[in-house]
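Let's walk through this one together, question by question. Have a look at the fold before we start.

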Amino acid sequence: NMRAAGDYTVWQIRTLFLQEIFARGVLSLGSHNMSFAHTDDDITQLLDTYEAVFPVLRDAVAGGTLESQLRCETLQPVFKVR
């Protein structure tokens, strides 16, 4: 696995990111597509969530604590190169 930041893979970082946004009520597969159906409150919630979660990711990578913060197995790619 290629390292994305520090000692962690993209998949480990993505797992913590999704775990933390889900815990804050944001459902995503890792990207967001905005539409006219989203209200100002929806957008505010998303931006507030990013503001809370990005420091968690930064601190977990910098402090070497990412794996201990995961409450689930690390995500795995669906497709693998053979």
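Q: Which residue just after α1 takes a positive phi?
A: Keep in mind that this is a predicted model. Just past the end of α1, the backbone has a positive phi of about 85 degrees. The residue there is Gly25.

Q: How far apart are the end C-alpha atoms of helix α1?
A: Helix α1 covers residues 10-23, which is 14 residues.

Q: Is Glu20 buried or exposed?
A: Glu20 is found in helix α1, and it touches Val53, Val56 and Arg71, leaving aside residues up to four places away in sequence. Its relative accessibility is 10%. Buried means under 20%, so Glu20 counts as buried.

Q: What covers the buried residues of α1?
A: The buried residues of this helix include Ile13, Leu16, Phe17 and Ile21. Among the elements that cover the buried residues of α1 are β1 (3-5), β2 (8-9), α2 (40-63) and α3 (66-69).

Q: Which element gives the most to the largest nonpolar core?
A: The largest nonpolar core has 13 residues, and Leu16, Phe17, Ile21, Val53, Leu57 and Leu66 are those with the most contacts inside it. Two or more residues of this core come from each of α1 and α2. With five residues, the element that gives the most is α1.

Conventions
Residues numbered from 1 in each chain as written. Predicted model: local features only at pLDDT ≥ 70, side-chain atom pairs only at ≥ 80, totals over all residues. Heavy atoms only, no water. Helix = DSSP H or I, 4+ residues; strand = E, 2+ residues; numbered from the N terminus. Expected span 1.5 Å × (residues − 1). Buried < 20%, exposed > 50% of the residue type's maximum accessible area, 1.4 Å probe, protein only. Contact = heavy atoms within 4.5 Å. Core = buried A, V, L, I, M, F, W, Y, C linked by side-chain atoms within 4.5 Å.
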